[in-house]
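Subject: Handover of a structure and notes on what it contains

Dear colleague,

I am passing the structure below to you for your own study. Please keep it open while you read the notes that come after it.

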Amino acid sequence: MVVAPAEQAVAQYALRLGDDALVLGQRLCEWCACAPILEEDIAIANVGLDYFGRARMALQYAGSLLGKSEDELAFLRDANAFTNLLMVELPIGDFAFSMVRHYLLDEFETLFFAQLARSEDATLAAIAAKSNKEVAYHLRRSREWMRRLALGTGESRQRTQRAVDELWGYVDELFAMDELEQSLAAQGIAVDRATLKASWHQQVTELFAELAIELPGQDWQVSGGRQGVHTEHLGRMLSEMQFLQRAYPGLEW
Amino acid sequence: MAAQDLLAVIPQARYELDRRRRQSANAELWQLLDQVKDPEVPVLSIWELGVLQDVAVTDNGTVQVTLTPTYSGCPALTMMAETVTETLRANGHPQVEVVTQLAPAWTTDWLTADAREKLRGYGVAPPGAVRCPQCNSTDVQLISEFGSTACKALYRCGACLEPFDHFKAL
């Protein structure tokens with residue numbers, strides 16, 4: 001199938017959004033049956049479901065432009081063909097690590113999807129409008145957990161600060177624009193991520209100040225997810241996630 | 001009732017949907033689909049829930065049903081689509097196509113007033129100000145933002161002490 005360059009660019013963009021959601025959804029569901037409390041077990045799996053829903057919408061759209069099915073995209077690409085941000089593929093760590101990651105992303109997604117809902121591309125705008133509503137609940141919940149963890153025991157506080165320190169170097173990638181996204185943003189299709197950074201920073205530093213969480217220094221940043229350069233963790237996650245389709249090609253539930 | 005008064009009764013968001021059904025040439029098909037319930041909340045039909053968006057018949061006789069998901073990952077949508085197809089086939093419409101539509105995004109504003117009452121009767125507090133569906137108390141406490149499904153939050157009543165689900169406003 002020959003794909004026109006304009007469609008190819010939109011497909012690539014949808015693929016990025018789909019990959020971010022799919023990989024984080026998979027990570028969240030790893031908590032199912034081992035979260036700290038039963039209610040959290042249910043909540044985290046439900047949030048994961050929102051991510052899978054978003055992943056399906058985005059991958060169906062990308063697939064429709066590329067002539068591939070959503071399952072082919074999710075289950076038959078290898079790690080270097082995945083375009084997700086590095087932050088979402090990191091292992092779940094302890095509960096503080098997972099919730100801090102979630103909080104940092106929820107603040108970002110709140111800004112991001114509000115913008116993308118005004119995209120010139122009607123399908124992306126529709127996906128964003130749906131996601132935007134769901135993210136409002138995610139953020140309410142992750143802010144609440146940030147408070148409980150940071151103001152909880154000495155142990156939970158220490159783990160929260162450690163998670164912030166470990167994740168901080170992955171934040172820059174959220175706001176990185178490459179040629180593809182710059183060109184789509186100029187056409188009003190994509191969001192200019194760089195413009196969201198100041199608002200994001202303000203939201204996050206306000207909460208950190210309230211909770212007396214120290215802002216880490218900017219001494220290291222990593223990126224590469226969009227180009228398919230991943231951490232070693234993604235391959236391991238995919239080997240589990242893709243196992244059934246690899247072992248039994250074309251399998252349906 | 002004057003048109004002006006009706007506007008106050010029918011939520012603005014629901015108005016378009018109601019009009020689409022009222023002006024449709026396929027009244028009996030819409031009615032048939034009133035049988036299709038939400039598997040998660042079986043007291044509500046997909047129409048009352050606002051998931052059923054349109055029913056049309058194409059030139060070759062295919063019944064085209066448009067559904068919109070409540071939450072983007074809602075697993076009930078697949079089951080609703082299957083039940084729609086089965087219901088129509090069992091009633092003499094062999095060719096059925098179910099289309100999923102994302103925009104406008106589903107909102108709890110599309111729940112009919114009837115649907116809200118049915119939810120309460122089923123033990124689920126409808127969207128809006130949260131009251132205990134058992135004893136109507138407003139002394140309630142949020143336990144978890146996510147209850148038995150993505151569309152519900154878990155609460156506990158301080159008066160009768162019963163836990164209950166709240167259908168979140170979206």
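The notes below take the chains in turn and then turn to the contact between them and some local features.

This is a predicted model, in which local features need pLDDT of at least 70 and side-chain atom pairs count only at pLDDT 80 or more, while totals for chains, interfaces and linings use all residues. Residues are numbered from 1 along each chain as its sequence is written, and chains are lettered from A and ligands numbered from 1 in the order in which they are written.

Chain A

The secondary structure of chain A consists of eleven helices and zero strands. Helices (H or I, at least four residues) and strands (E, at least two) are DSSP runs, numbered from the N terminus. Chain A has a radius of gyration of 18 Å, close to the 18 Å that the globule rule gives for 253 residues, so it is as compact as a globular protein of that length. Here the radius of gyration is taken over C-alpha atoms, and the globule rule is 2.2 Å times the number of residues to the power 0.38. The C-alpha trace of chain A spans about 60 × 45 × 35 Å along its principal axes.

Of the 253 residues in chain A, 42% are buried. A residue is buried if 20 or more other C-beta atoms lie within 10 Å of its own, exposed if 12 or fewer, and partly exposed in between, with C-beta atoms placed from the backbone. Among the contacts in chain A with a separation of 6 or more, 74% are accounted for by residues 24 or more positions apart. Two residues are in contact if their C-beta atoms, placed from the backbone, lie within 7 Å.

Chain B

Chain B contains six helices and seven strands, and along the sequence these follow the pattern α-α-α-α-β-β-α-β-α-β-β-β-β. Its C-alpha trace spans about 60 × 40 × 25 Å along the principal axes. Buried residues make up 34% of the 170 residues of chain B.

One open sheet of chain B has three strands in the order β1-β2-β3, with mixed pairing. Two strands pair if DSSP finds at least two bridges between them. The edges are β1 (52-57) and β3 (96-100) of chain B, each with a single partner strand, so one side of each is left without a neighbour in the sheet. On average, neighbouring strands of this sheet are turned by 20° against each other, direction ignored.

Within this sheet, β1(B) and β2(B) (residues 63-67) pair in the antiparallel sense over five bridges, and V57(B) has V63(B) in β2(B) as its bridge partner. The pairing of β2(B) with β3(B) is parallel, over five bridges, and L67(B) stands opposite T100(B) in β3(B). Helix α5(B) (residues 76-90) lies across β2 and β3 of chain B, at about 155° to β3(B). Axes are lines fitted to C-alpha atoms, for helices over the stretch in contact, and angles run from 0 to 180 degrees between N-to-C directions. Together, β2(B), α5(B) and β3(B) make a right-handed β-α-β unit; a crossover is right-handed if, with the strands pointing away from the viewer, the path from the first strand over the helix to the second runs clockwise.

Another open sheet of chain B has four strands in the order β4-β7-β6-β5, again with mixed pairing. Its edge strands are β4 (124-125) and β5 (140-144) of chain B, each pairing on one side only. Four bridges join β5(B) to β6(B) (residues 152-157) in an antiparallel run, where Q141(B) stands opposite R156(B).

Contact between the chains

How many residues of chain B are in contact with chain A? There are 16, and they touch 21 residues of chain A. On the chain B side, these residues divide into ten nonpolar, four polar and two charged. Ala, Val, Leu, Ile, Met, Phe, Trp, Tyr, Cys and Pro count as nonpolar, Asp, Glu, Lys and Arg as charged, and the others, Gly among them, as polar.

Local backbone features

Most residues other than glycine have a negative phi, and most peptide bonds are trans. The peptide bond from A103(B) to P104(B) is cis, with omega near -5°, and P104(B) is found in the loop between β3 and α6 (113-121) of chain B. A212(A) has a positive phi, near 55°, and belongs to the loop between α9 (197-211) and α10 (232-241) of chain A. L161(B) also has a positive phi, near 70°, and is placed in the loop between β6 and β7 (163-167) of chain B.

With kind regards
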